[in-house]
Amino acid sequence: METETCGIEVWIYVWTLTHGGRPSLPDEYRIQMTTVSSPLPLNPRGPTLLLGYEPNLKMFTGFDLTRHRTFTAGSPSVQISIKSIYRALEDGLAFDRKSNQEIAVAIRPDQMLNYMANAEDLHRLGKNAAMYSLLSRASALERITTEEIKKLTPKRRRILATVNRWARSACFRQQVLSAYGNRCSVTRMQLRLVDAAHIMPVEVEGTADEVRNGIALSPTYHRAFDGGLIYLDDQYVMRINSERELQLVTLDLSGGVDDFRHYLDKRIHLPPDRRQWPDINMIRKANKYRRICR
């Protein structure tokens with residue numbers, strides 16, 4: 001796994017999820033930890049995860065390794081409700097709390113890196129009933145009051161805010177990519193290499209995770225857009241920022257600019273539904289924020 005600054009080694013134990021087989025529990029799915037011995041070795045250089053995979057839905061589940069690292073001989077199993085997996089299809093993450101207070105997490109694949117980086121906190125903090133309820137509401141983008149947040153410790157506030165941010169980001173990404181047909185609005189390529197970029201950056205007050213504040217871009221053009229090297233004008237034409245281009249030329253860092261320009265100065269590929277086109281006011285505010293000189 002790679003973060004913005006470095007790579008992290010992750011060990012993963014994963015089994016296919018199958019129906020639990022008990023008629024009294026029709027929603028129960030489980031992994032059976034076969035072909036391994038107790039205790040499970042842990043990664044000395046990073047996190048170790050215990051996962052399940054549901055092949056029909058292409059969804060993952062994460063289990064609390066601290067509860068299942070050591071087990072008796074035979075074929076030990078770990079369970080989760082299939083309802084949680086269906087909720088995660090919509091929300092990105094969903095939590096399932098068992099009677100013994102163990103937390104299992106259903107994970108949509110686009111949320112796997114977030115889960116990997118925070119699995120220990122999610123399982124440990126989610127054991128608390130009130131925190132479990134808040135995490136479930138945060139992942140579903142349900143309202144959480146200021147009074148409820150004030151009662152939390154700083155650690156719990158951080159993880160709750162993190163889950164809420166993942167949910168908003170995942171929802172925004174799905175809406176934008178769906179609107180643009182999973183196609184880069186500049187190059188028109190798909191190849192599953194398309195990001196959902198905010199027109200107005202998320203750190204600016206007043207911005208919103210709405211499809212009209214989004215645009216589908218390939219990673220290179222996404223970075224160029226966020227960095228102000230390219231911008232969108234009022235006619236939905238993506239152009240290069242001449243001031244930033246001159247800076248690159250001065251620094252002898254303009255290699256490839258001709259190929260990069262090939263896709264610019266044309267009207268971008270827009271969603272079929274005009275109601276999902278970028279908001280002109282948002283475009284103007286974003287250009288002003290990025291100090292685009294035209």
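This report covers the strands, helices and cysteines of a predicted model.

Residues are numbered from 1 along each chain as its sequence is written, and side-chain values use heavy atoms, without hydrogens and water. Local features need pLDDT of at least 70, side-chain atom pairs count only at pLDDT 80 or more, and totals for chains, interfaces and linings use all residues.

**Sheet**

Five strands make an open, mixed sheet, ordered β1-β4-β5-β8-β7. Helices (H or I, at least four residues) and strands (E, at least two) are DSSP runs, numbered from the N terminus. Two strands pair if DSSP finds at least two bridges between them. The edges are β1 (11–16) and β7 (93–97); each has a single partner strand, so one side of each lacks a neighbour in the sheet. Neighbouring strands are turned by 25 degrees against each other on average, direction ignored. β7 and β8 (residues 103–107) run antiparallel, joined by five bridges. Arg97 stands opposite Ile103 in β8.

**Helices on the sheet**

Contact means heavy atoms within 4.5 Å. Axes are lines fitted to C-alpha atoms, for helices over the stretch in contact, and angles run from 0 to 180 degrees between N-to-C directions.

| Helix | Lies across | Angle |
|---|---|---|
| α2 (residues 82–91) | β5 (59–63), β7, β8 | about 155 degrees to β7 |
| α3 (residues 112–125) | β1, β4 (48–54), β5, β7, β8 | about 170 degrees to β8 |

**Cysteines**

A disulfide here is a pair of cysteine sulfur atoms within 2.5 Å. The count is zero. Buried means under 20% relative accessible area, exposed over 50%, partly exposed in between (1.4 Å probe, protein chains only). Cys184 is buried, at 0% relative accessibility. Cys171 is partly exposed, at 31%.
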